Structure formats: structure tokens, C-alpha cells
Amino acid sequence: MAFVNQETREIQLKIVYYGPALCGKTTNLETIHRMIRDDHKGDFMSVDTAKDRTLFFDFIPLDADVIEGFRTSFQMYTVPGQVMYNTIRRIVLQGVDGIVFVADSQWPEMAANVESFRNLEENLAAQGLALDDIPYVLQYNKRDLPSVAPEHYLEFLLNNRDRRRPSFSSVATNGGGVFETLNMIARLVLHRFVRETGGGSDSDDFDVV
Ligand SMILES: Nc1nc2c(ncn2[C@@H]2O[C@H](COP(=O)(O)OP(=O)(O)OP(=O)(O)O)[C@@H](O)[C@H]2O)c(=O)[nH]1
Ligand SMILES: [Mg+2]
């Protein structure tokens, strides 16, 4: 749910990176944070356990000049993918405007991908939200590794609903596909925002970088 402050002329939109444990969500945000110009980003916040896994969430605010007269910022979150942290995932999903579902392309991770996708739907449903009504994109990550499922198989597994969503292959560790994914979800979220508020914008031309 976009947060609009008419007084300060600010719009905040929330994007959540979701997916199974170790699929590369934090790596996406780290890459984005590294590549964005300093004056367009806030501090990267992350809470990790001793084992280098996200415990709560990772967060960066990104500023963009896309809706005239407003300062637009994307609040970029990731959830902890480990199954036991479901309560935290639900909290992080509150008020979400757009979702990037990151899948781990490695064959042994297929069940975890499907489980996480189902978990996303359930957690949205618990808040009265239907996944089909929310802008989302898919990202098939770790394409550099040897034992990965073909993209068409991942599409069959995760992108087989009535309406196909945009999907991207990525190697989050070297940045491949990371900005294509981000720009698409940002664009979809802006389109939705403009449609719902009746405002005007050139979001077709919009790219975060
Ligand atoms: N080879 C390869 N490794 C990757 C890629 N993306 C992420 N990794 C590695 O996968 C491991 C897990 O990445 P994270 O970004 O921490 O995963 P996460 O999805 O945030 O995991 P949780 O916070 O536990 O849910 C790290 O060692 C990353 O360096 C990729 O595209 N290719
Ligand atoms: Mg993480």
C-alpha cells in the first residue's frame, strides 16, 4: 500500500524480495546498493545471524524522480527465507506494493522454490491479499552454476498461472539480471500507483539506473 504524504510531497512504495533460503535475495539488494549513486540511496540495513543468514530483513531506500512534484522512494526489503521465520515474513510483507520472487535455479532447490511460492501466497492471503492482484516478477537466480534447471522448466513450475508475469535470469553475485528485474518491478508498481491514484507520470520511461 503506497504511502503518500501530501504535505512533504513524498510517495513511498514498498518492494519485497521473497524466495527460499539462500536463493540470493540479500545478494540482490547488496548489488543494488553497491551500484546506485550515493545521492539516490539510503543506508543498507541488515540483521544477520552468526551464520551469515538474514534474521530479520534487509532494507534500502532508493530515491527516484518519476512522478512530477513528488519525491518517490522505493523501500526495498528482503525477508528471511528459512522456513522457521514465517512470522517475520508476514510482518515484512505488510503494506507491500510489489514483489520480486527470487528462485534458486539449482535442481535440488525446486521443492524449496515451490514451497516458498506457496508460502508467499498463504502469507498474502492471511492479510486479505491475492497474489494475482499484486504486481510481481520472477527472477531465476544462480544461472552461473552447473546444475541448473532450464528456464522453461522454472517457467512451467512458477509462472504457469492465467497471467504470465515478467521473468528474468540472473547471477546476483555479479549483477547480471539484477537491474532488469528491479526496473521491471519498479515500473509495474508505478503503473499500478498511477492507475489507482489517477495521477500522470512517464513511468514507461522510468529506470532506476
Ligand atoms: N554462484 C552464485 N551464488 C550466488 C548467487 N546469488 C547468491 N549467491 C550466493 O548464495 C548464498 C546466499 O545468498 P543470500 O543473498 O545471502 O541468500 P538469501 O536469499 O538472502 O538467503 P536468506 O537470507 O537465508 O533467505 C551466498 O553465498 C551468495 O553469495 C548467484 O547468482 N550465483
Ligand atoms: Mg538474506
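These are my notebook entries on a predicted model of a protein chain.

**Ground rules.** I number residues from 1 along each chain as its sequence is written, and chains are lettered from A and ligands numbered from 1 in the order in which they are written. Since the model is predicted, local features need pLDDT of at least 70 and side-chain atom pairs count only at pLDDT 80 or more, while totals for chains, interfaces and linings use all residues.

**Fold order.** I looked up the secondary structure and found five helices and eight strands. Helices (H or I, at least four residues) and strands (E, at least two) are DSSP runs, numbered from the N terminus. Reading from the N terminus, I get β-β-α-β-β-β-α-β-α-β-α-β-α.

The chain has 209 residues, and 41% of them count as buried. Buried takes 20 or more other C-beta atoms within 10 Å of a residue's own, exposed 12 or fewer, and partly exposed lies in between, with C-beta atoms placed from the backbone. I then turned to contacts (C-beta atoms, placed from the backbone, within 7 Å). Of those between residues at least 6 apart in sequence, 69% join residues at least 24 apart.

**L22.** Next came backbone angles, and L22 has a positive phi near 70° without being a glycine. I found L22 in the loop between strand 2 (10-18) and helix 1 (25-35). L22 counts as partly exposed because it has 18 C-beta neighbours inside 10 Å.

**K142.** Here, too, I noted a positive phi, about 65°, in a residue that is not a glycine. K142 sits in the loop between strand 7 (136-141) and helix 4 (151-158). It has 22 C-beta neighbours inside 10 Å, so I put K142 down as buried.

Terms used
Two residues are in contact if their C-beta atoms, placed from the backbone, lie within 7 Å.
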